[in-house]
Amino acid sequence: MSSQNSLMQKIVSLCKRKGFVYPSSEIYGGLAGFYDYGPLGVELLNNLKRLWWKNTVHERENVYGLDGAILMHPKAWEASGHVAGFTDPLVDCKDCKSRVRPDKLEGWKLKKDNQTGNWQILEVGATKCPLCGGELIPEVRQFNILMETSLGVIEGQKTKAYLKGESCQNIYLDYKNVVESFSPKLPFGIAQIGKAFRNEITLGRFMFKTREFEQWDVEYFVQPEEADKAYKEWKEIRWNWYIKNLKLSAGNLRWRQHSNEERIFYATDAWDIDYKYPWGWDELEGLHHRGNYDLTQHEKFSGTDLKMFNEETGQKILPWIIEASGGVGRTFLALLLENYHEEEVRGRKRIYLSLPPYLAPIQVAILPLVRTDKKLTGAAQEILQALKSSFVVQYDEQGTIGRRYRRQDEIGTPFCLTVDGQTLEDKTVTVRERDSMKQIRVKIPELTSYLTPPLSLPQ
Ligand code: ATP
């Protein structure tokens, strides 16, 4: 087993063991492509989304938030091209019979017909199956991955609907409402974090490719002549965000431009931010220079005028759109991979997650040194009560102090406060920092001001 694969296994095991991520419906044998966030996972997930929202919506004067419904009018998905063409190309392995996406393999060139969704092979690349090493049959098949459901209760009168194939579609449909409510001037953005569903056929990389997932999207509406500049700006904003605010290392990130064959026909340009996952580079977020195709299509299919008044020219125009669309689950996984460490400390293995402190599921652990000493547990409880409205705190009195530190290290808790005999004398506690394991004494009344800066979400 390569060390990269074993890292992935360690993350999957840690997630299950410590309550970050559980396979969905596990007692029924699981449901492929679905996961549940456990008690610690949901904290990390919410912190991540809160940070994105703060940086993308609250700290920008011209970006509006939205939270759209999961089901939309089925015609919207016809307009967007998903009903006809939301297909993935697949080739079969002769030996293990798995289906593999050739567009993700070395050397393949494929082109999609946007009317029919059919893929055509332009160049055959590596034909070795990435799963078993067997031979891939170079004939492409396509499957529509929109997930269907039905509305209504009476057989024969039910209507077909689709779960959102991509979260951003509500933004195009609500764009007119936002314009009418807020009269924004171009450029302005609408941002959303929402669920998306896809009947993905090739699964098996944990949170990387799931059938239900969350996306964060910004659709930035601009004057056509400003589109290139805005595209450049958003590329920079999003790249810097992953490095500066999520602390992913630049060496694990790269830009990848879509080739002419890969790029959707109406887009001017498209780049992905890729992360170096254990199996290689793969997409974290896409930045798309989309022209006005989306609004043109929804205007055509809905019969609603979606133009807005352009004060610069005195004319009505359909704005162009710059899109930044990323996966929350993929980022969650990248964060765990990036921050998982094992080391040996005084002859014993220590596992720690060096998550940015403001993203950690538990921010502060409060540990009375001796469980049976009522004075210590009483003082620790008082600190817990004082801090719990400002931070996510956990009280732990089980086991030796060393074991308790290790438990907190493994789930990424940046600060442990140890309450000991000295606490009762001088009203100080030991603050132990997770990564360096350094310990300092801090006065109890000063704890909030000591902990607030590192635990606050950054700008
Ligand atoms: P891929 O080619 O990797 O399947 P995509 O190009 O189809 O992804 P987009 O449609 O551009 O993805 O979606 C935007 C983002 O949503 C992606 O960058 C990714 O982070 C996330 N995403 C897409 N599909 C999935 C999935 N099945 N599971 C988890 N996240 C996903």
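Visitor: Why is strand S11 called largely enclosed by the rest of the structure?
Guide: This is a predicted model, and the label comes from counting. A residue is buried if 20 or more other C-beta atoms lie within 10 Å of its own. Nine of the ten residues in S11, residues 188-197, are buried, so the strand counts as largely enclosed.

Visitor: What makes S11 and strand S3 a pair?
Guide: Pairing needs at least two bridges. Four bridges join S3, residues 63-66, to S11, so the two strands pair. They run parallel. Glycine 65 stands opposite alanine 191 in S11.

Visitor: How do you know that S11 pairs with S12?
Guide: Apply the cut-off of at least two bridges again. S11 and S12 share ten bridges, so they pair as well. These strands run antiparallel. Here isoleucine 193 faces tryptophan 216 in S12.

Visitor: Which elements give two or more residues to the shell around the ligand?
Guide: The shell has 16 residues, and Phe213, Gly286, Ser325, Gly327 and Arg330 are the closest. Strands S12, S15 and S18 and helix H8 each give two or more. S15 gives the most, with four residues.

Visitor: How far apart are the centres of domain 1 and domain 2?
Guide: Their centres are separated by 25 Å, taken over C-alpha atoms. Four residues from domain 1 and eleven from domain 2 make the contact.

Note on methods
Residues are numbered from 1 along each chain as its sequence is written. This is a predicted model: local features need pLDDT of at least 70, side-chain atom pairs count only at pLDDT 80 or more; totals for chains, interfaces and linings use all residues. A residue is near a molecule or strand if its C-beta atom, placed from the backbone, lies within 6 Å of it. A residue is buried if 20 or more other C-beta atoms lie within 10 Å of its own, exposed if 12 or fewer, and partly exposed in between; C-beta atoms are placed from the backbone. Domain bounds come from an automatic or database domain assignment. Two residues are in contact if their C-beta atoms, placed from the backbone, lie within 7 Å.
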